[in-house]
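Keep the structure open and check each answer as you go.

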Amino acid sequence: MDNFTPWTSLAGGALLGLSAALLMLFSGKIAGISGVIGGLLSPKKHESSWRAAFLTGMILSFLIVAPLGFTLPDISGENILVVSLAGLLVGFGTRLGNGCTSGHGIIGMGRFSKRSIYATLTFMASAIVMVYLRGLVGVT
């Protein structure tokens with residue numbers, strides 16, 4: 001595995017968990033990104049501003065970490081239609097599953113939600129199978 005970065009992965013996971021815990025502790029809000037975006041698309045009274053601030057901060061955070069040497073994945077060689085279709089399917093699956101991987105994995109499991117534990121186990125098993133199958137056909 002060429003790109004395995006355990007320390008930065010651990011630090012990133014800890015920051016995600018810390019930020020989700022702080023948001024829930026101080027405002028009672030849940031930090032799952034699919035729920036945040038879903039709430040922006042079908043807004044309720046007094047709910048849009050924190051969601052917009054959360055999303056803006058998430059997008060602009062790259063400007064803070066870029067000088068530290070962090071980069072975004074390079075998708076310049078990928079077919080934009082395939083990437084867009086994959087994004088749409090992820091979005092559809094997220095709404096169908098009542099949450100995204102981060103929502104279930106970080107927030108839901110932190111709340112001991114059985115639904116999130118089962119969803120996260122399903123995500124992880126699916127990812128392991130997909131990585132194994134890609135390895136079998138030589139796709140990296």
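Q: Which residues does Thr120 touch, not counting residues up to four places away in sequence?
A: This is a predicted model, in which local features need pLDDT of at least 70, side-chain atom pairs count only at pLDDT 80 or more, and totals for chains, interfaces and linings use all residues. Residues are numbered from 1 along each chain as its sequence is written, and side-chain values use heavy atoms, with hydrogens and water left out. Contact means heavy atoms within 4.5 Å. By that rule, leaving out residues up to four places away in sequence, Thr120 touches His104, Gly105 and Met109.

Q: Is Thr120 buried or exposed?
A: Thr120 lies in helix α6; helices (H or I, at least four residues) are DSSP runs, numbered from the N terminus. Buried means under 20% relative accessible area, exposed over 50%, and partly exposed in between, with a 1.4 Å probe and protein chains only. Thr120 has a relative accessible area of 13%, so the residue is buried.

Q: Which residues of α5 are buried?
A: Look for them on one side of the helix: they cover an arc of only 120° around the axis, which puts them on the same side of α5. The arc is that of the directions from the helix axis to the C-beta atoms. What covers these residues includes α1 (6-27) and α6. The buried residues of α5 are Gly103, His104, Ile107 and Gly108.

Q: How many Å apart in space are Thr101 and Ile128, C-alpha to C-alpha?
A: Start with the sequence: Thr101 and Ile128 are 27 residues apart. In space, C-alpha to C-alpha, the distance is 14 Å.

Q: What is the phi of Phe112?
A: Most residues other than glycine have a negative phi. Phe112 is exposed, because its relative accessible area is 71%. Although Phe112 is not a glycine, its phi is positive, about 60°.

Q: Where is His46 found, and what is its phi?
A: His46 is in the loop between α2 (33-41) and α3 (48-65). His46 counts as exposed, because its relative accessibility is 66%. His46 is a residue other than glycine with a positive phi, near 65°.

Q: Which residues form the one aromatic pair, and what is the angle between the planes?
A: Rings of Phe, Tyr and Trp (its six-membered ring) pair if their centres lie within 6.5 Å; planes under 30 degrees apart count as stacked, over 60 as edge-to-face and the rest as tilted. The structure holds one such pair. Its members are four residues apart in helix α3, so about one helical turn separates Trp50 and Phe54. The pair is edge-to-face, 6.4 Å centre to centre, and the angle between the planes of Trp50 and Phe54 is 75°.

Q: Which of these counts as buried and which as partly exposed: Trp50 or Phe54?
A: Compare the relative accessibility values. Phe54 is at 26%, so Phe54 counts as partly exposed. At 16%, the one that counts as buried is Trp50.

Note on methods:
Helix = DSSP H or I, 4+ residues; strand = E, 2+ residues; numbered from the N terminus.
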